[in-house]
Each structure stands twice: as C-alpha cells, then as structure tokens.
Amino acid sequence: MKVIIVGSGVAGMAASIRLACQGHDVEVYEAAENPGGKLAEFRIDGFRFDAGPSLFTMPHYVDELFKLAKKDPTQFFSYKKLDTVCHYFWEDGMRFNAPADPKDFAVKAAETFQVEEKIISKYLSKSKDKYELTSPVFLEQSLHRLSNYWSGKVLKGLLNIPRLDIFQTLHTINRKQLKEEHLIQLFDRYATYNGSDPYKTPGVMSSIPHLEYGIGAFFPKGGMYTITKSIYALAKDLGVIFHFNRKVDKIHTLQNRVTGIESQKETIGCDAVVSNMDVYYTYRHLLSHLPQPEQILKQEKSSSALIFYWGMKRAFPELDVHNILFTENYAEEFNCLSNTKELYHDPTVYINITSKQSPSDAPKNCENWFTMINVPHDTGQNWQAIETDARQLIISKINRMLNTEIEPLISCEKILDPLLIQQRTSSYLGALYGTSSNSRYAAFLRHPNFSKRVKGLFFCGGSVHPGGGIPLCLLSAKIVADEFQKSS
C-alpha cells in the first residue's frame, strides 16, 4: 500500500516509521526545507538554540521506534536522566531546586516549604495512580472505537473515575491536598504542559507531575533537535522518501475514499493519507470539498508562547537547564491568558539553557537562553507592541529576582511569537497544543486519528487525539499505525 504523509513533524515521521515497518511504501511531503515541525533548531553568532519543545519526557516512546525497526536506539540517539527537574524562584525570595527523585523531592520540599513530607509523598503517589489509570484509556488508544473500551485496563480506568478528580479543577485539588502556597503554584504550572489553565482544567491533570518525578525528565545528547535528526535518519534508513519544499494543496477523495494528493499542481496517487498538519488547516485547506467537523474545529484553542532567544555573555551558576520565575498572582495571569487574551504585567518566566548540559551550544563562559512566557493564542492582538512590553517586563523580572542586570549581557536575539508559530508550522492561531484541555470532556472532543467518513484518511500530531507535546504526538502516530492494521 502506498501511503503519503502530509508534514514531517515528530508525529508524521514516527507514523512513517511505523507504517514502513508494516511493509507500506511511505512518502512524506513537507512544505518546509527541513523536518521536525516545531522541533527545530537554529544557530546564531556561535549559539545553538532548540526553537521549540524544550522538555524531554517519556524517552521510551522514541526508543520504541528503533526497537520496532530492529535497530539499537543507542546507535542513533542517546540521552541522560536529569538529577534536578527545575530551579524555581518566587518574588518573596523563596528558591527551590527540585530533585528528580520523588523521595528526595518530598524530603527537600517538606524542609523548604515547611509542610509534612507525607503530604507531598501522598500527592506524588496519587499522581502516579491517576497516570496509570488514565493512560490506557485516554492516551494509548483511540477514544473513538467502541471496541477499545472492553479491555481490562480500560474498564479498570473507567471504574475508577471517582478517583480521577475530573469534576474539580487542578487548582482546587492542589489547594486541598498541598495547602502551602508555593507548592500549590509549583504544581498548578503543570497545566501549562498542554496549554491549559489550572483554574479551569480538571484535576486529573495532576497526573502530569508523574512524568517528571515518577518516570523522569531527560536531556538528549546534543539537544532536543537530536530527536528530530535521529527519527528522520531512522525513517530514511527504512526507505521512507521525503519531499521537502513540497506544500500539499489538496487531499483528493472519490466516493468517500482517499485517492491521492495535489502538490505544486501535480496529482500524486496513493491508497492512504496521514495528515500531520494542524487539523484545522487540514479541513479548511486540504479537505475543503468535504463536510467540515465544525464542533471540533471551533473548540477553544490552547495558549501560545512568546520566546526570546538570547545569547548571554556570561554564565549564571544559580540557573540550571530548566528554570521558572513565578508571578506573584497566578490567578490573574491565567485570567489574562484564558479570558481577556492580554499580556499580564507580571508574567511567569521560563528559562531553558541547554548549554548547561551541552557546552558546545554556547561560546565559552556564555549561555544560550530560551526565555519564554505563556501568551494567548492570536486573536488579532498587536504582537509588535506586546513583544516590546514583554521584553522589558521579562528583563525587569529577571533582574529583580536574580539581582543582576542582563540587558548589557544579551549579545544576540531572535523572537518567536504566535504569528510566526502559525506561519512556520501551520498551527492555527499559533496555539501550541491545538485545542485546550480546560474542559473535562476535552479528550473526547479532540479529532480522532482516523476519518469515519473517508476511508484511507488518518490524522496525527498535537492538534488531534491524544494531544500536544512530544510524547502524545508519538502516541498519536502509534494509534494511527494500529488503526491501519485494523482497516487493512
């Protein structure tokens, strides 16, 4: 069977590998000149930056691709587990370097925040339980096949719904269980891992910390872009053919069956198409001749990001790979993100510095700062004005909280905003994770990984089930491959 994949994001490449391993002839059409989608890199003035995702969890999903192809993952790709997950800073002077080991975390957090160790250990234990109960149901298979609900793991998950806290918000759960304000804010931030609001998203999202403290946070040798490079190399090794600078203009169908694609006025026939393009643009541009799933396409979109990539002319020993400088008023910051769609005057700042682990990413005694704040998706805001204001707010906050003056240290700069995210990756409105997860029904309202109307039409990537972020994108590719086997 000949399969065409539209887009070479991490999900599209993972799908190409899985389908090639099933014996299909796979070709990937990509509008950009390089693979990876959001998982990209660039270099400037001796600094290397990962342009997109900066946190690596669930590395076994990458390893699984190599094992499926009967390859040794270590020959293509290597990574290490971080001893410290993140350095946290608060305006009142509180600082906390979070150990990756859950026992060490509980001990150190109890000492730092003056709470009982058993409260923190219990929270992390519940996080693990929720993850293990929900993963087979909501992440590892299609939610849109009735037959999938009859496995033992799924039935167990469904029977334990009362334990999942889906009828309370993440913030409510965190306040009830943790009580201490710094800890509450620390665990509220995990809502941002899928572009959601802790004051709206359901409490089941308290399963996310288990990814870091139960399984681990990792650093790929050479930076995040090595994930793209290794998966791309594996796909080519399996015979997958890539066509770069080849935008797809239409997916052809006939009598509710895929027949091919159109690219640069050329029609290429195939038996199946997997779209790794944002599902909104897939329908609006490539499938405009078909009935549109308006309820799905009009759902609330996730938040976006404003990123300043700074080459810094000195090192900061108090910082690590991952760093968070918290706002004093999280509720108001998320009100601006979710409701008013404005820039908050005291945004939480995330700083990622890969040169801490990969010194070649920056010149000697320098650091590469990926400095990000969460911002709303694009609704027509004046992004040029927002960038100007945000830059000064961020610099002032860093100066204040680290007792420094960073502006003279910035030797080079590039900026990424929601408009550029949309332009470069076809992410509708610049939303990083497609639809938000602020509703308890969000998982069921994401577009399925297959079309119920058109035979041979499949979908993967962060805008469809099970969601955004590298691990979930890789799982979407796995679900597509499973659906292929069921339909063939």
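Analyst: Helices (H or I, at least four residues) and strands (E, at least two) are DSSP runs, numbered from the N terminus. The model is predicted, so that local features need pLDDT of at least 70 and side-chain atom pairs pLDDT 80 or more, whereas totals for chains, interfaces and linings use all residues. Residues are numbered from 1 along each chain as its sequence is written, and side-chain values use heavy atoms, with hydrogens and water left out.

The account begins with the peptide bonds. The bond that joins His465 and Pro466 is cis, with omega about 5°. Pro466 sits in a loop that has strand E20 (457–459) on one side and helix H16 (470–487) on the other. Most peptide bonds are trans, and most residues other than glycine have a negative phi.

Positive phi values come next. Asp45, a residue other than glycine, has a positive phi near 50°. Its loop lies between strand E3 (41–44) and strand E4 (47–50). The relative accessible area of Asp45 is 57%, which makes Asp45 exposed (over 50%; buried is under 20% and partly exposed in between, with a 1.4 Å probe and protein chains only).

Met58 likewise is not a glycine, yet has a positive phi of about 55°. Met58 is placed in the loop between strand E5 (56–57) and H2. In contrast to the exposed Asp45, Met58 is buried, with a relative accessible area of 2%.

Helix H2 itself spans residues 60–68, and its buried residues include Tyr61, Val62, Asp63, Leu65 and Phe66. After H2 comes Lys70, with a positive phi near 60°.

His182 belongs to helix H7, which covers residues 181–188. The His182 side chain forms a polar contact of 2.7 Å with the side chain of Glu180 (a pair of N or O atoms within 3.5 Å; within protein, one must be able to donate a hydrogen and the other to accept it, and residues adjacent in sequence count only if both atoms are side-chain atoms). When neighbours within four places in sequence are set aside, His182 is in contact (heavy atoms within 4.5 Å) with Trp90, Asp92, Met94 and Phe113.
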